[in-house]
Amino acid sequence: IGELSTAQRHEIQWISESSWDANRVLTNLISAVLNSGGQRFHAFSNHNIGHLIRRVVKTMSQTAELRNIELTLNLAPDDELWADIAETLIESVIRNLLSNAVKFTGRGGQVAISARAADDTVVVEVADSGIGIPVSDHSFVFEAVYQVPAHLSGRVDGLGLGLSVARDFVEYHGGRLEMTSVEGNGSVFRCCIPTSRRREEDTLV
């Protein structure tokens with residue numbers, strides 16, 4: 001077979017990272033289903049969301065570099081980014097958003113992730129200069145069956161399950177996941193996470 005090329009090693013790394021993240025998302029989803037009978041399925045504690053973002057960026061930086069994508073990070077001071085969260089759930093959300101941004105951004109593009117405090121909320125934004133999403137598809141993006149149109153990506157690619165689960169995880173925290181996107185001009189996904197857990201929302205519906 002011979003020695004793998006840089007491009008082949010990159011694709012293998014991408015598959016490995018994607019598989020690992022998919023496993024984490026599915027494990028969390030299974031936990032949600034098994035424990036949704038009126039009980040919390042993940043322990044909440046105070047975490048620095050900036051630390052989670054740095055950890056995800058570190059794992060994604062080599063993939064972005066191999067794709068010649070400029071990956072930038074802009075975080076507010078650490079003392080402004082603490083929130084009462086289920087760490088594995090929010091890390092899965094951040095990883096999914098950043099992975100999608102890199103996946104759907106062409107070579108030489110830009111991906112930026114930022115976090116800031118806004119009132120009693122930590123706002124995480126992932127912006128990219130990628131293919132964007134048609135206006136006609138905006139209302140379907142968070143559905144589990146959604147596929148990125150093949151004429152945009154050059155192949156049939158899914159955002160749906162990851163974004164559907166990500167939205168559920170964010171809403172479980174009493175937050176919201178929003179998107180703005182222009183076809184051909186990239187997308188911005190905005191994740192708003194309350195700094196304090198809303199006790200009345202301790203169950204997953």
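## An aromatic pair

Let's start with Phe44, which is buried at a relative accessible area of 13%, since buried means under 20%. Tyr172 is buried too, with a relative accessible area of 4%. Please keep in mind that this is a predicted model.

The ring centres of Phe44 and Tyr172 lie 5.6 Å apart and their planes meet at 50°, so the pair counts as tilted. Distant parts of the chain are linked this way: Phe44 sits in the loop between helix H1 (6-34) and strand E1 (45-48), while Tyr172 is in helix H5, 128 residues apart.

## Helix H2

How far apart should the ends of H2 be? At 1.5 Å a residue, the 18 residues of helix H2 (residues 49-66) should span 26 Å, and the 26 Å between its end C-alpha atoms agrees. Even so, H2 bends by about 40° at Met60.

Just after H2 comes Asn68, with a positive phi of about 60°. Buried residues of H2 include Ile49, Ile53, Val57 and Met60.

## The nonpolar core

Which residues touch the most other members of the largest nonpolar core? Among its 43 residues, they are Ile49, Ile53, Ile94, Val124 and Phe189. Elements giving two or more residues to this core include H2, strand E5 (121-128) and strand E9 (187-194). H3 contributes the most, with eight residues.

Beyond its neighbours within four places in sequence, Ile53 is in contact with Leu73, Leu75, Ile94, Ile113, Ala115 and Val124.

Key:
Residues are numbered from 1 along each chain as its sequence is written. This is a predicted model: local features need pLDDT of at least 70, side-chain atom pairs count only at pLDDT 80 or more; totals for chains, interfaces and linings use all residues. Side-chain values use heavy atoms; hydrogens and water are left out. Helices (H or I, at least four residues) and strands (E, at least two) are DSSP runs, numbered from the N terminus. The expected span of a helix is 1.5 Å times one less than its number of residues. The bend at a residue is the angle between axes fitted to the seven residues ending there and the seven starting there. Buried means under 20% relative accessible area, exposed over 50%, partly exposed in between (1.4 Å probe, protein chains only). A nonpolar core is a set of buried Ala, Val, Leu, Ile, Met, Phe, Trp, Tyr and Cys residues joined through side-chain atoms within 4.5 Å. Contact means heavy atoms within 4.5 Å. Rings of Phe, Tyr and Trp (its six-membered ring) pair if their centres lie within 6.5 Å; planes under 30 degrees apart count as stacked, over 60 as edge-to-face and the rest as tilted.
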